[in-house]
Amino acid sequence: MKENAATQERLFWLGVKDCLPTVLGYLSIGFAAGVVERTAGLSIAEIALMSVVLYAGSAQFIAVGMFAVGAPITSIIATIFIANLRYLLLSAALAPYFRHLPAWKNTIHGFLLTDETFAVATNRLSLVGYADNGWMLGLNITAYLNWLLANVAGGIFGQWIGRPEAFGLDYALPAMFIGLLALQMADRPGRRTDLTVVACAVLLTIGLNTVLPSGIDVIAATMLAAAIGMVIEKWK
Amino acid sequence: MTMIPRVFPLVVLSKMKLPEWAMRWLHYIPIAIMAALLSQELLLTSADSGYIRLWAALPTVLIAILTRSLMGTVAVGIISMMILRYLF
């Protein structure tokens, strides 16, 4: 695992190359996020800041959407946090490959983790057996810059669009959720339990929406539906 | 808020092991949260007339299952919504 600087640099560019298949997908979502943020009243600088700090399509759509309807800041933060709890699982799944790296490097790799880079990383790490620092940096930095670029481009474009709804751009978020849901369920066994959990989550969200404040209903429905899945799996 | 769940497990869990029930619960969190957020987006917003957000999901889900491409799914969703809003 001891690599010299030249090897690390070679691995870095290999990481950049391995990231390229995901670039177009995130470009379109980042672009849509930028347009929606701009038309919600954010400046280009604020859009850039949001994409660099949050670095999550779902979190940014949620933040803008809730901000637009005047939701309190605490419930926006709570919803973003719970929406990103799924990263716990992705991050936990990758953890065994990062044992040899120091905590500060894992902090950087963890912060730059996304659904797409996770998919690319699991592919390689299961082959190689451990995470090359150089390769991970190449992968993550490419995805990060691409995201920032897409958001800013969308924001600039958004200045000329009065209503992004007329072009269906606000539908990028639900479409992304549909895509991620299909991807996740396609790649694993236990389809029937998965579908039950999905149905429970939908019904619980609708039901709890009438009694709980917006944002909290999603959190409660998610935790309950996942618990139902856990119990079904245990009793099967 | 997006950082804590991404960083914490990678730093801490690479040094320890979670109990089995917790792993099983975590296993269902991603699809549960996606479904919850999706139903909120499709059913609980009053932004559109009728159920056109739900109708736009039909071709979107189909493309998602058939192609498993995130970009293709997002593109089809946006175009479906644009057409539906133009028609209704």
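**Where the chains meet**

Tutor: Chain B brings 52 residues to the contact and chain A brings 71; two residues are in contact if their C-beta atoms, placed from the backbone, lie within 7 Å. This is a predicted model: local features need pLDDT of at least 70, side-chain atom pairs count only at pLDDT 80 or more, and totals for chains, interfaces and linings use all residues. Residues are numbered from 1 along each chain as its sequence is written, while chains are lettered from A and ligands numbered from 1 in the order in which they are written.

Start on the chain B side. The elements that give two or more residues to this side are helix 1 (3-13), helix 2 (20-43), helix 3 (52-67) and helix 4 (70-87) of chain B. Helices (H or I, at least four residues) and strands (E, at least two) are DSSP runs, numbered from the N terminus. Helix 2 of chain B gives the most, with 21 residues. By class, the chain B side has 39 nonpolar, eight polar and five charged residues. Here Ala, Val, Leu, Ile, Met, Phe, Trp, Tyr, Cys and Pro count as nonpolar, Asp, Glu, Lys and Arg as charged, and the others, Gly among them, as polar.

Chain B itself has four helices and zero strands. Its elements run α-α-α-α from the N terminus on. Of its 88 residues, 45% count as buried (20 or more other C-beta atoms within 10 Å of a residue's own; 12 or fewer is exposed, in between is partly exposed; C-beta atoms are placed from the backbone).

Now cross to chain A at one residue. G229(A) sits in helix 11 of chain A. It counts as buried because it has 25 C-beta neighbours inside 10 Å. Setting aside neighbours within four places in sequence, G229(A) is in contact with T193(A), T196(A), V197(A) and Y28(B). T193(A) is 36 residues away along the chain, yet the two C-alpha atoms are separated by 6.3 Å.

Follow helix 11 (residues 216-235) of chain A to its partner. Its axis comes within 9 Å of that of helix 4 of chain A, and the two cross at roughly 25 degrees. Axes are lines fitted to C-alpha atoms, for helices over the stretch in contact, and angles run from 0 to 180 degrees between N-to-C directions. The two helices are therefore roughly parallel to each other (under 35 degrees; over 145 is roughly antiparallel, 65 to 115 roughly perpendicular, the rest oblique). S75(A), A78(A), T79(A) and I82(A) in helix 4 meet I216(A), V218(A), I219(A) and T222(A) in helix 11. Those residues divide into five nonpolar, three polar and no charged.

Helix 4 (residues 73-83) of chain A also packs against helix 3 (residues 57-68) of chain A, at about 155 degrees, with axes 10 Å apart. That makes helix 3 of chain A roughly antiparallel to helix 4 of chain A. In this pair, S58(A), A59(A), I62(A), A63(A), M66(A) and F67(A) of helix 3 meet I76(A), T79(A), I80(A) and A83(A) of helix 4. By class, that contact has eight nonpolar, two polar and no charged residues.
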